[in-house]
Amino acid sequence: MSGPLEVQPDEYYVEGGFGTDDQLHFGVYWDQSATAMHIGAMRTVGNQLSILDRFGAVLHSTQFNAFMAVNGLPGGSLLDALLPPGGNGGGGSNPCLVDPTACGQQPQVAPNEQRSSISENGSERLVTTVHRGSTTAMGMQSGGATTTVTRRYRRFDSRWGASRDTLWRLVEVRSSEQGPATALASSFVQVTRIEYLRFNVNTAKDQQRAGRRLDASADSRTRAAELESVQPLPHTVAANTVSVAASAGGVCGNEGVNIDTVVAASGVNLIWQHGICSGASTWDGMRPMISSQLPVARELAFSLTPLDAIGSQAAVLQGAVSNLTGATYIVGHSQGGLIARRAAQLSGTAIAGVVTIASPHEGAKIAEVPAEVLQSLLASKIGGECFGSVLCSVRDAAIAAAVSNVITYGVAGALAPVVNDLVPGASFLSTLNSTPEPFQRASIQVEVPPRWSLFRVVGDATTARTALFTNQRPNGAQLTANVETVYRSALFLRALSTWVRYMAPAFSGGVSCGYSGYSTHWTACSDPGSLSYWDSWSFWDHVASLLYFVGNFVVTKLDVVDAFWNDLVGGTEIASDGFLQYSTQRYPAVPGTFAPIRLSIQGELADSHTGETASPQVLVRLSQVLLDLGVVP
Amino acid sequence: MKQLSSRASLTTVVTLLCACTEGTAPPPNVNDDGLRLLFRIPVMSTSFVVPAVDDTRVVIAPSAPNLWIVAYDRLNGAELWRSPRPAGTPRSLSIDQNRVLFAGEYAVALDVLTGAELWRVSLPVSASLCVTAAYDGSFYLGTDHELFALDARNGATRWRTALGADWEFRSIVRGVTVAGDTVFAAVERYLTVNGERSQAYIVALDRSTGDVLWTHIEGDGQQMSYAISEVAVTDAAIVFGDRGRNVVVALDRNSGEALWRFGGELGFFGPFSPPSLSGDTLFITSGDSYVRALRVGNGEVLWQIRGGSSMDSQALCGRFVLSSDSRVNVHERSSGRILQRNFGNESAPLSSRLVRYGRDVYVFGAQSGYGFRCGVE
């Protein structure tokens, strides 16, 4: 149980549980060869708590109460928090009162009072609480029954033990009332252990992301610290962040794979142009699906260097296709659409048609923000309440993963010429949108629901392009559904907390006194008769507080992050595909010519920017547009 | 007191649970008005093929690489037969004279009962962009510059009419409709080598001889202008959508003179399917994501409703209008009000045209095929 965690190559580990601060803690570890972390989710339904992977599959499920008594994690159970090691609520300054056995005495307890003692024996700790009830007759108070409750704790080690001195886990509670002790409860000694959750890194792309690490030798905490230290900076300053810029080539380099396939003896040439930080492989699913349906003679997909200036990439593409004979069409996704347009413009009438899928014809709002600045901005939106380095590292790792998955072109700022071409108002865009285009043109615009669009983008980025073969939607929709579930669960927890607090006296089996707090009730309420009354009341009161805190924390943070992301990618325009504003995806009318035609994909079935090349919806629309453009021999 | 508390607990829990569920009111139950699911079957068809339906079966061409023609029982979706087809995906299927007819690189006829191939005729140019028609023993199709009438029994050419012998650039016959003694062809004529400027030609031909009766030219030649599917025909007019300009056009059936035009939202693709007609009203969907009801006589807008994504087709269905924007939406026929989105709760896109046969409507997509039974009007 103790010692450093061993993480195998290409695996992620997630562990979680409640700490003594009543907060939910998650720890995430990853190996040295990959940096992406897939966000999972936690779902509570009734008393059932489930940990989900990013696909929504249940990785672990347990009872909520049992979960709070997590084994092997810092802090142990909620009960530990209620009766923290080293003291309790009835002690006072008299050592004999704190520990009567140390004075050779049996605890003397006055009517309606409680005394406790603590003793340790190696790995065990005994906490004895003696409570004497009271009876009242004719205005005189006299002693009632005396109840002794003994809680037995066992020391345990934690992987995170270095940050905590002593950790005890409640293993038994016994009670006696002026007689032999009987077991009160042992259900919570059946501690459920949260096993490590393992995510396999099984795509070649993940391997390629290895170069994205800020510091290959840094562990999670170091890395988190680095991220925390990055403050929002002006664009030009951020470009000087050497550690980030140095990895830019690895982040967004040339995939190095070109595809040139002769499909049939006759037909058209179909060229597929990828977007930023991508490569020819992004079309691995869509390319064969289209080629098998339409009369495509030859298909080509080039991996260009995505951080080069768009004009440079277009020149490379134009040179590569200049010797083709027959009708040639180019399909470009995102930045690839701009490259396709420019290459076609340079080709005169040699290109028959261009179809752009979610391309930033008028620039990308998000290009105005370098990635490292965005990371910091996101962190600031989530807030500084990290509750220690562990949760902070989780937060920052998640942000880094999300950002590096989708907007690495912000990385390195001025070192990436393409960024200057993508900023709204860039001179390149002005040239592009004022040059005659003697070819057929069409655009496909995509708009996803704004709610949870960031999570949709993150989820979709993890999708294997070949998922199209099985008509499987990109993962973003599932992740979004999971986040929505978590959000609703958090709303429920928040509402439930009010109810639990109100109903706490009823849960205790006693009579409601109309008060709301352990200490307030200590002497004020009518005869509760037994210690368990107070214990249970206090327990549910704390449960209510915990429920509210967890629920409110999740709701608030998710709302803030969601609004921030929508504002970032859409500016004043709400509509976007999670990454590019909807309006910029419209193929502009080049002066002196007509407005090119377009189709739109909107609604719950739409997939976000990072999933568009693996989207069944886009596949169908692209098939339709090519039909419009008359793609036949 | 404890009983009271328990009751209060239960009430509170129910209240909280209700508060956490979706706050929107449930959609009207269209089933109460007679719209119900006949079947849902697994298929894979991402192409925009127009299925063929007769009294017994509905026939589709699934997406490649599944090179089949498949017939399903139109009432329960049971597969009746499947037959191999040539490479490529036909734009449409037709049934006539107990034959399933379709065209791509070849014109092909299958036995409607067994799926056995009866004949196959090689075409000079692919007809895979043409919505074909079959009527009274003839199979009508168009390729590049030509229209064909083939004998449905054996594939023999009954007539063959060349279009635009002087046309410099490419042309595409997009759809053929037969009405009475006339064949109407929707043709796109390229005005440049790449077709970024084109015009829509509607050509009326004598059904028995192939002689051209009249020709209507739509579009100013400054942009793409074409009807991508066949036209719809009423007693007095023919109506089609100009896909390139997003305009609905009505022509006099006998002369080809324009009666009226209705323009949709600029910059979007126009109608992908011909309008559905009912009395003096036509219903049409468009790439601008609108569903519209127009008066056939003058093009007056009776209602228009914007959906989500670009629309592909529509079908009348009892009191409702069904529209497809990759999913089936149910509209109130009198107002266009959307009663239910994604009827069938399909997660994968639906791509085929919504086709109506009697009281039933069929649609097929990337994952599923549906048959719906409509109520009475």
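Trainee: What share of the contacts in chain B with a separation of 6 or more comes from residues 24 or more positions apart?

Mentor: Such residues account for 48% of those contacts in chain B; two residues are in contact if their C-beta atoms, placed from the backbone, lie within 7 Å. This is a predicted model, in which local features need pLDDT of at least 70 and side-chain atom pairs count only at pLDDT 80 or more, while totals for chains, interfaces and linings use all residues. Residues are numbered from 1 along each chain as its sequence is written, and chains are lettered from A and ligands numbered from 1 in the order in which they are written.

Trainee: How many helices and strands make up the secondary structure of chain B?

Mentor: Chain B has 1 helix and 32 strands. Helices (H or I, at least four residues) and strands (E, at least two) are DSSP runs, numbered from the N terminus.

Trainee: Why is strand β15 of chain B called mostly covered?

Mentor: Of the 9 residues of this strand (182–190), 8 are buried. A residue is buried if 20 or more other C-beta atoms lie within 10 Å of its own, exposed if 12 or fewer, and partly exposed in between, with C-beta atoms placed from the backbone. Across the 377 residues of chain B, 53% count as buried.

Trainee: In what order do the strands of the open sheet in chain B lie, and what makes β10 and β13 its edge strands?

Mentor: The order of the 4 strands is β10-β11-β12-β13, with antiparallel pairing. Strands β10 (133–135) and β13 (157–162) of chain B each pair on one side only, and they are therefore the edge strands. From one strand to the next the twist averages 15°. Within this sheet, 5 bridges join β11 (residues 138–142) to β12 (residues 146–151) of chain B, and B:Tyr140 has B:Ala149 in β12(B) as its bridge partner.

Trainee: Which residues of α10(A) and α11(A) meet?

Mentor: Among them are A:Ile310, A:Ala314 and A:Leu317 in α10(A), and A:Leu338, A:Ile339 and A:Arg342 in α11(A). By class, this contact has 8 nonpolar, 4 polar and 1 charged residues. Ala, Val, Leu, Ile, Met, Phe, Trp, Tyr, Cys and Pro count as nonpolar, Asp, Glu, Lys and Arg as charged, and the others, Gly among them, as polar.

Trainee: Why does A:Thr435 count as partly exposed?

Mentor: A:Thr435 has 14 C-beta neighbours inside 10 Å, and so it counts as partly exposed. A:Thr435 is in the loop between α15 (427–432) and β17 (440–447) of chain A. Neighbours within four places in sequence aside, A:Thr435 is in contact with A:Gln345 and A:Val590.

Trainee: How do you know that A:Cys277 and A:Ala358 are buried?

Mentor: A:Cys277 has 26 C-beta neighbours inside 10 Å and therefore counts as buried; A:Ala358 is buried, with 30 other C-beta atoms within 10 Å. A:Cys277 lies in the loop between β13 (268–273) and α9 (286–293) of chain A, whereas A:Ala358 lies in the loop between β16 (353–357) and α12 (371–382) of chain A.

Trainee: What is the phi of A:Cys277 and of A:Ala358?

Mentor: Phi is positive at about 50° in A:Cys277, which is not a glycine. In A:Ala358, also a residue other than glycine, phi is near 50°. Most residues other than glycine have a negative phi.

Conventions. Pairing = 2+ DSSP bridges. Axes fitted to C-alpha atoms, helices over the stretch in contact; angles between N-to-C directions.
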